[in-house]
Amino acid sequence: RECILDYFAAEMYIGRHGDWPGGNFALWRSRKTGDSKYDDGKWRWMLYDVNSGSLAGYLTDMDTLDNVMSESAMFINLCQSEDFKRQFTVTMMDMVNTSFTTENVDEVISACVELMEDPMREHFKRFFGVEDSSQFRNEAKDIRSFFDHRKPFMVKYLKDNFGLCGIPALIKIETNNAKAGDVIVNTCWIDFQNETKWQGEYYTDFPVVLTAVPNQGYRFVRWENGISSKEESILVNFDEKGIALKAVFEEVSK
């Protein structure tokens with residue numbers, strides 16, 4: 001279930017349209033079962049062929065959710081379930097707050113540009129007789145611009161198409177020790193590393209599930225601030241003011 005939610009959310013966020021969702025969709029599975037993560041023989045959705053009809057500045061304000069709800073019979077039928085719409089909204093906001101943040105996107109694009117600029121320079125020289133990579137850099141700049149401005153549109157389209165009544169509100173999470181443990185927010189593992197604070201926006205229509213995950217040598221003690229609980233996994237309801245919580249860990253005595 002998470003796989004199809006992630007797949008459709010990612011495709012919509014990057015502005016995929018035209019030859020999708022009517023075509024260019026596929027699934028894959030391992031032919032043999034084994035002990036590794038994906039050797040279970042289960043079918044999984046595969047994102048591919050996004051070199052056209054996506055990731056471009058002119059698509060920044062495109063309502064791809066409305067497009068898919070008009071063209072994909074499968075997605076339309078899934079949306080008859082209020083639980084599916086809730087799960088999809090939460091999944092999309094998880095991606096907005098993690099994978100598609102400006103910091104994360106800039107890091108990925110910068111790494112790709114560094115890796116591919118010289119090969120692309122050779123490509124243009126060989127096939128087009130152009131001895132520079134300005135077009136490649138401009139395309140990368142356009143993708144950055146798309147991601148820099150995409151979020152408010154996609155967040156609004158969730159409200160418009162699903163008839164949400166709430167608004168995006170801020171969830172703030174803090175730990176007392178970045179080395180002691182992490183927190184799972186719905187479907188996203190927040191790796192605090194050297195940071196002790198994280199925040200993201202979520203629609204007030206639905207609660208957020210938070211799970212504290214202690215690292216080896218530590219144990220979870222409690223949630224405090226907005227909610228007081230000793231349960232590692234909690235369901236958090238909030239209003240337009242948002243909510244701030246702190247996960248407290250302590251070192252296990254040797």
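This is a predicted model: local features need pLDDT of at least 70, side-chain atom pairs count only at pLDDT 80 or more; totals for chains, interfaces and linings use all residues.
1. A residue is called buried here when its relative accessible area is under 20%, exposed when that area is over 50%, and partly exposed in between (1.4 Å probe, protein chains only). By that rule Tyr7 is buried, because its relative accessible area is 4%.

2. Residues are numbered from 1 along each chain as its sequence is written, and side-chain values use heavy atoms, with hydrogens and water left out.

3. Rings of Phe, Tyr and Trp (its six-membered ring) are paired if their centres lie within 6.5 Å, and planes under 30 degrees apart count as stacked, over 60 as edge-to-face and the rest as tilted. The count by this rule comes to 19 aromatic pairs. In one of them, the ring centres of Tyr7 and Trp20 are 6.1 Å apart and the planes stand at 75 degrees, so this pair is edge-to-face. Tyr7 belongs to helix H1 (residues 2-13), whereas Trp20 sits in the loop between H1 and strand S1 (26-28), so that the pair links distant parts of the chain, 13 residues apart, where helices (H or I, at least four residues) and strands (E, at least two) are DSSP runs numbered from the N terminus. Trp20 also counts as buried, at 1% relative accessibility.

4. What kind of aromatic pair do Tyr7 and Trp45 form? Their pair is stacked, with 4.9 Å from centre to centre and 20 degrees between the planes. Because Tyr7 lies in helix H1 and Trp45 in strand S2 (residues 44-46), the pair ties together parts that are 38 residues apart in sequence. Both residues, Tyr7 and Trp45, are buried.

5. One aromatic cluster is formed by Tyr7, Phe8, Trp20, Phe25, Trp45, Phe75, Phe84, Phe88 and Phe162.

6. In helix H2 (residues 64-71), the residues Thr64, Leu65, Asn67 and Val68 are buried. They lie on the same side of H2, because they cover an arc of only 160 degrees around the axis, the arc being that of the directions from the helix axis to the C-beta atoms.

7. The structure holds 0 disulfides, a disulfide being a pair of cysteine sulfur atoms within 2.5 Å. Cys3 is in no disulfide, and the nearest cysteine sulfur, that of Cys188, is 15 Å away. Cys3 counts as partly exposed, at 30% relative accessibility. Cys165 is likewise in no disulfide, with the nearest cysteine sulfur, that of Cys79, 16 Å away, and at 72% relative accessibility Cys165 counts as exposed.
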